[in-house]
Amino acid sequence: MGALETDLLVIGGGATGAGVAWDAALRGLRVVLVDRHDLAEGTSGRFHGLLHSGARYVVQDPAAARDCIAENRILRRVAAGCIEDTGGLFVTTPWDDPQYAELFAAGCARNGVDCEEIDVARALRSEPRLNPRISRAFVVPDASIDVWKTVRAMARGARERGARVLAHHELVAIERAGDRVLGAVVRDGRGDELRIHARITVNAAGAWAGRVALLAGIEGVRVLPGRGIMIATNHRLVNTVVNRCKPPADGDILVPIRTVSVIGSTDRLTDDPDDQTVHPDEVKLLLDEGERLVPGFRRARLLRVWTGVRPLFDGDRAQEEGGRRDGESRDITRAHALLDHGLRDGVAGFVTITGGKLTTLRLMAQQAVDAACRQLGEQRPCHTDTEPLPGSRSGRHLALGDRLARKEAAREEQLICECELVPRSWLELAIRQAASSDLDDVRRQLRLGMGPCQGGFCIYRAAGILHEVGELAAAETNASLRAFLQERWKGVWPVLHGDQLRQARLDEWIFHGLLAVGRLPAGEART
Amino acid sequence: MSWADAARRFDAVVIGAGTAGMTAAIALAQAGARVCVLAFGLGSTHLAAGTIDVLGAIDGEDPVRSPQRSLARLASARPDHPYALMGASTVAEALAWFARTFAGAAPRGYGYVGDAGRNMMLPTALGTLRPSALVPTTMAAGDAAGLDRVAIAGTPALRDFHPGLCAANLRDAGIRARAVQIQLDLDRADASALGVARRLEEPAWRAAFCRRLGAVLGAEDRVGLPAMIGLHQAAQVLADMEQRLQRRVFEIPTLPPSVPGMRLFEALRRALRAAGGTLVLGAEVSGAERSGGRVLSVAARSAGRQTRYRAPWFVLASGGLGAGAIELDSRGRARERVLGLGLRGVAPASAPRFVEDFFAEQPLARVGVAVDERLCAQDAPNVVVAGAALPGQAPWLEGCGEGVALASGLWAARLVSAELGGRCQATQRSSPGSMPGDAAKPGIDATRRPSPGSMPGDTATESGDRCQRMER
């Protein structure tokens, strides 16, 4: 078994964990980050892409609203290259209580969320697909954020400052001696184990944080998994984040992110953070709500649906209110929780940070590393509010046309994914740098296979290049290809209809008909 | 003047220009009928491998070794399969008809080889082996039965073919395959198989290509290339390359668009033109005039205006879900879009339309237009259904798409020819009661035509028997 020595071990490579690694590395701490899968493969990557202005919470949860607007302003500076400044709209539709608009406007004013009411006609001019029957419209500083780019930028920044980022390293055990956590043992994809000695271990496992705490022998870290589905359309129906002006509920946000728009979300408590169920009634609900925001939504091409699991920190209350587990989870706070287990449980060297929202990831990371520094007895100020992430130093925001502009400037380059304009050079670089042979990891990095054809044309190409450039054995390439096809289909079939069904049939035609993928060696026998 | 008077009149109107529609139209035109093909777009020819797959897999036999032999097993296991309704002899006749018709229309030397008695196993671009009954001349040397030492050749300029992975998987199948890469003189980095196919028809470019390729070949006696060996002169390009390389050369299908598929479509188009048929591409059928279930005419939009096409018979060869002719809406309701015909193979509303295993057969896979035993639409007795619009088949899991298209296309033509009888316009110019040119036109054999009116095999339960009885 190999061994590593570090100041801070971070468990969980989602937005929070990557944020902790970046924050700690900036403060000069030695950092190791581990995740059982790829970075941002869990909750962070299963997200609609909304950078909150806080307006959504001004009435019900003013503290969350104030956190959001403060962090929104900071992230626009330090993570500029990951954010598209789409702006946001709150609109009152015929199905929304008109009284709420007044509460909303007052709440924005009270909590410092910039909000301007505009003419409905102006709102409809800027977003012509919106329901023309809206009665009021407010402009707020919502935006969309590319979470994979953000997490990778934080991991890269941490790495540049000496951090080790170990994706595909599963937590086996947390090592504890008496009332002190000493680090953890992790196992990589080949089954090799690694012991990591850490002065402080940070549990940033999100919805899985309760399970990680249990490995350290700490009970009562109650994180309820709140399952929600989101659906992406094949192109942008809106270019502004559009919210319903009403108390937060299911299917009331439409977010333009990169090449698609995403409608979200539903909210159901589940027992299992790995639960990725998509219920047909939830799909129906999102389509019906989408129809209210954008008439004709049901005829839009739906690319896919996915499930994210929110970490809802329930403190110790869950023990008393067991009956609520069947219900909706919107009444549980979206605020985050920092648990210093030295103070809370008398177990030193261990900190849990969970709950919260993507928008507040930087603040959560700051508080977690503050707690770690307190335990270490070291004075190390936080710099993440001023230090831009790699790729964000110019202060320029993402723009929808960036990839097209790049492609136009480099016409000699071969495009592998035409939907998302991924050139061969990006793919080859990603494969050479990759920690794994997983085409799905490449997808998260490059958006390969995420467009309208859902990998129909690019995945054979990518597999061929993976085999050649990555010098991967055919059996592993085949396995990666099959896994990728299955992963894409997982999100496609529950919402498949209309023109997207034609696309799916073409993809089936290519893989079953032309390439006979079912006849690959080591493939399961067809039934 | 009513719109009906303004309509263009034909003996039969075929909707769809895929293999099924073109087959039906050519065979009808060969029989002397005035026929018009209306097609919204091109059919699956441009997407498919360009092979004629008759039957590649059935329950318990995958891959199928002899389609001819396994058709009977398929018919008893799946009595609703189009093959079960048409009978094995129709399939054999359709393949023979196709080989003759294609040879008469394709550029000299380019044709199809093989028969329904034995499947060839052809390498795919992934290096798997795919069963096909009839394959173009340019693919014949790829049959795994004759493959021992083979070079799989590609170029980095072609993103749709990766020889390394192809060769590695072929080695797993016991074939001594080696991947070679050559650089090409192309003015663009993202060359397509079609672009290279055109360049390979230039003798000088081809010679340079062969010099580079020859330099990297070793002891291999065959060379597999992506399907790009010429577009209009494939046979000459192949012969010249084989001579220069001193080895057998064969094509491996790549991602769409398909060069062999384009050759196939072009030959079918020539055959239709030669037989006097009309093809209108870009014509979306937008409505139909019905009377008592029968379709009297269809309206098609093309070139910015709407035209009526009137005929006593229609052949619906519009494709299935993939072509968009059968549509599923966001509430899971399926609909036939062209004529609004009833469907078969749709599970009850509460049942899922798809399952989560990508590699499994999907519940909706066998959806198609509800037909009677003559393959006439149940909702419209003068509409014969052909090709992927037929229910009961799973074309690419069963490897039967082109076989069903050819057999049902020919079936539809025979049925319509027989029904037209003396009413056929062309027939009016010749002796009434017999099909013109019966003896001269291959394939449309009066003694092997589905009989008019009710199906003689109505009461028959043995599908194998059905065709026999029909032929009497």
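The sections below go from the domains to a helix and then to a sheet.

## Basis of the model

The model is predicted, and local features need pLDDT of at least 70, side-chain atom pairs count only at pLDDT 80 or more, while totals for chains, interfaces and linings use all residues. Residues are numbered from 1 along each chain as its sequence is written, and chains are lettered from A and ligands numbered from 1 in the order in which they are written.

## Domains

Chain A is divided into domain 1 (2-43 + 148-223 + 330-376), domain 2 (53-144 + 224-313) and domain 3 (402-519), with bounds that come from an automatic or database domain assignment. The C-alpha centres of domain 1 and domain 3 of chain A lie 32 Å apart.

## Helix α2

Helix α2 of chain A (residues 62-78) has 17 residues and should span 24 Å at 1.5 Å a residue, which agrees with the 24 Å between its end C-alpha atoms; the expected span is 1.5 Å times one less than the number of residues. Helices (H or I, at least four residues) and strands (E, at least two) are DSSP runs, numbered from the N terminus.

Among the buried residues of α2(A) are D67(A), E71(A), I69(A) and L75(A), where buried means that 20 or more other C-beta atoms, placed from the backbone, lie within 10 Å of the residue's own.

## Sheet

An open sheet of three strands in chain A has the order β3-β8-β4, with antiparallel pairing, and two strands pair if DSSP finds at least two bridges between them. Its edge strands are β3 and β4 of chain A, each pairing on one side only. Between β4(A) and β8 (residues 143-145) of chain A there are two bridges, and I83(A) has I145(A) in β8(A) as its bridge partner.

Technical notes: Buried ≥ 20, exposed ≤ 12 C-beta atoms within 10 Å, placed from the backbone.
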